[in-house]
Amino acid sequence: MEDFWPLALWALEIWLYLIVGLIMVPAMFGFSLGVSETYMTVLVKTLEWATLKIQKVYAEERALQASASNGSGLIKREDGSMEKELEELRRSRPKPPVGGDFTLSDSFYFTRRGIESIVEDEVTQRFSSEELVSWNLLTRTNVDFQYISLRLTLLYGVGILVRYCILAPLRITLVCIGLTWLVIGTSAVGLLPNWRMKSWLSEWVHVMCYRICARGLSAAILYHNRENKPQKGGICVANHTSPIDIVILCNDGCYAMVGQVHGGLMGVLQRAMVRSCPHVWFERSEMKDRHLVSKRLTDHVNDKTKLPILIFPEGTCINNTSVMMFKKGSFEIGATIYPVAIKYDPKFGDAFWNSSKYSMVSYLLRMMTSWALVCNVWYLPAMHQQAGEDAVQFANRVKSAIAHQGGLVDLQWDGGLKRAKVKESFKEQQQKQYSSMVVGDESSSSD
Amino acid sequence: MGALQSVPGHPEYVDLAEKTGFSFEQIGILHKRFKQLSHNEDTLLREHFSKIPNLECNPIRSQIIGAFFDRRNFRQDGEGTVEEIGFEEFLVIMSHFRPPTLHMTEEQRESVRRDKLRFLFNMHDTDNDGTITLEEYRHVVEELLSLSEAMEKDTAKSIADAAMLEVASISMGHMEPDEFYEGITFEHFLKLLNGFEIESRMNVRFLNMDTTTLCK
């Protein structure tokens, strides 16, 4: 028993040296020893095998479910407009000789529309995790899948062991090292006087730490169109799925962050980062003042030595199947916009942060116990606000470009609907349309 | 009982399928939707419905939501309202909107028709006295017409009155000046909508689904 503690300490030392040597150092300098590649290949093959096995047993049913859970059409909707449908509804009734053009049957149209939106609507499904076509051997996605074969169950068991006992501690260690290094490194660089080397060093420190964190999440990122990478003096906008988006993007370049000042661990990170290169952190009270926010962003953008700003205009996390309304604030500044589309592959792990369901810590733990994080990042060509285009139209244009590239659904709804209610003006739209049909007709027919 | 398409792990679906006529697949989908709306709880409350943005924009949303909590629609000859519903009640309400299947006799079609019209009637007869009174009728008109446009309450009132007059003349024929029309009873309602093909208009059609139901 007495030998236990020294032995344990020795094992821990070896473990740390291995991590530093095999994972951290390559990550810091941006090359790879091929360990993660091998892991990914094995993982992909395993999941493919599992999928085939599952599909063989549930052949027809899976095919039907696949087409159904694509989200774009559980129910068949009438394509007609309100006017066309109401006209059809009224065709069987004679026009009343007296009074306005209203009949009780008009309400049937609204009833049907209401029931359709209860069965399926475009918005509420964006705030919960995407459904998988086939099970990926994680407990958390095991919704309806039943016992299929011994080998599959064994694989699932092995998977749990590997993920929780080997991968998770490894990843947690890496992330801790990464964050500590970020704080120490940026503070150290911050102490240097303003040489030209300083900005180069600060970029290097930042990228290094984010690379370590990315390894800590087993992230396999594929960057496309790197010639369109955001330049200094511009604003980079992307669709938002989780806070990990920042790690994904910063692995390939340095950005200035925008956000609220937090306390605790986040606050420590924020203060450290600001020491080595300028970021834009706002106090909570300052966030309400739109002019102040706008001015600070404009100042940052106009200074050509400062890094491009990274902004997520949706304002909240969406589940990576669609892109919701972009808030126009960042599009009013008049700077060059560099759109970026991020699409995660849900087979390996669900990256969406459902902030009403999970806290930040439990979300990170879930991330670290998934298989891996696979995503594609597309850099789109820069966009400018065109003459005669207002900020809202510009924002929508950028949003469509991002949605198109990432294969996401382009929605007009506001992501804020996750928590807030629909604005009154939207509610009255249908009423107005209907009234103009009824009263408008009356004024023309009565004389 | 013919070819039962069994889904392992959901024996309770058999009862529900028999009761409502939905297929197992449709029940599965609606169950997922129920859980999504109720945030994984067992019962649905009125406020869960107000989270659906498209529904919030609907002028008669309160009647539609009310219909889900109205015991007259649960096919158990109950009356009054409830405050929360389980999945079974949700499914029963949805079954009012099932399209009629292809091989239905004339009698079955008629009963489907009556059933749908009864549902719509209950939606507007909010005080459950068996008639849609002038007040209730006016209420519907007011909800559908926008109050913010330079329209006053009087305009809505007069439109409702005129429409009600027309209904009275169709249902009762000629009325004496001192006769008072109490309201639209369910029989009058059926008569009014005689030519109306409601069984093809009040449906929610599921796409790509295996819509075979159990053979009875």
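Visitor: How do you know how confident the predictor is in chain A?

Guide: Chain A averages a pLDDT of 78, and 84% of the residues score at least 70. pLDDT is the predictor's confidence in each residue, from 0 to 100. This is a predicted model, in which local features need pLDDT of at least 70, side-chain atom pairs count only at pLDDT 80 or more, and totals for chains, interfaces and linings use all residues. Residues are numbered from 1 along each chain as its sequence is written, chains are lettered from A and ligands numbered from 1 in the order in which they are written, and side-chain values use heavy atoms, with hydrogens and water left out.

Visitor: Where in chain A is confidence lowest, and where is it highest?

Guide: Lowest is helix H3 (residues 59–68), at a mean of 52; highest is strand S8 (residues 336–344), at 92. Over residues 66–72 of chain A the pLDDT is below 50, yet this stretch has 8 contacts beyond near neighbours in sequence. Contact means heavy atoms within 4.5 Å. Helices (H or I, at least four residues) and strands (E, at least two) are DSSP runs, numbered from the N terminus.

Visitor: Why is A:Cys250 called buried?

Guide: Buried means under 20% relative accessible area, exposed over 50%, partly exposed in between (1.4 Å probe, protein chains only). A:Cys250 has 2% relative accessibility, so it counts as buried. A:Cys250 lies in helix H8 of chain A. Leaving aside neighbours within four places in sequence, A:Cys250 is in contact with A:Val207, A:Tyr210, A:Tyr255 and A:Met257.

Visitor: Why is A:Val25 called partly exposed?

Guide: Its relative accessible area is 31%, so A:Val25 is partly exposed. A:Val25 lies in helix H1 of chain A.

Visitor: What makes the nonpolar patch on the surface?

Guide: A:Val20, A:Val25, A:Phe29, A:Phe31, A:Trp195, A:Met197, A:Trp200 and A:Trp204 form it, with about 840 Å² of accessible area together. Helix H1 (4–29) and H7 of chain A are the elements that give two or more residues to the patch. Patch residues have over 30% relative accessible area and no salt bridge; nonpolar side chains (Val, Leu, Ile, Met, Phe, Trp, Tyr) are joined within 5 Å, like charges within 9 Å.

Visitor: How do you know which side of H12(A) the buried residues are on?

Guide: The buried residues of helix H12 (residues 360–368) of chain A are A:Tyr363, A:Met367 and A:Met368. They cover an arc of only 135° around the axis, so they lie on the same side of H12(A). That arc is of the directions from the helix axis to the C-beta atoms. Their cover includes helix H6 (150–191), helix H7 (196–216), helix H8 (244–250) and strand S9 (373–379) of chain A.

Definitions and conventions:
Accessible areas come from the Shrake-Rupley method with a 1.4 Å probe; for residues, only the protein chains shown count as cover. A salt bridge is a side-chain nitrogen of Lys or Arg within 4 Å of a carboxyl oxygen of Asp or Glu.
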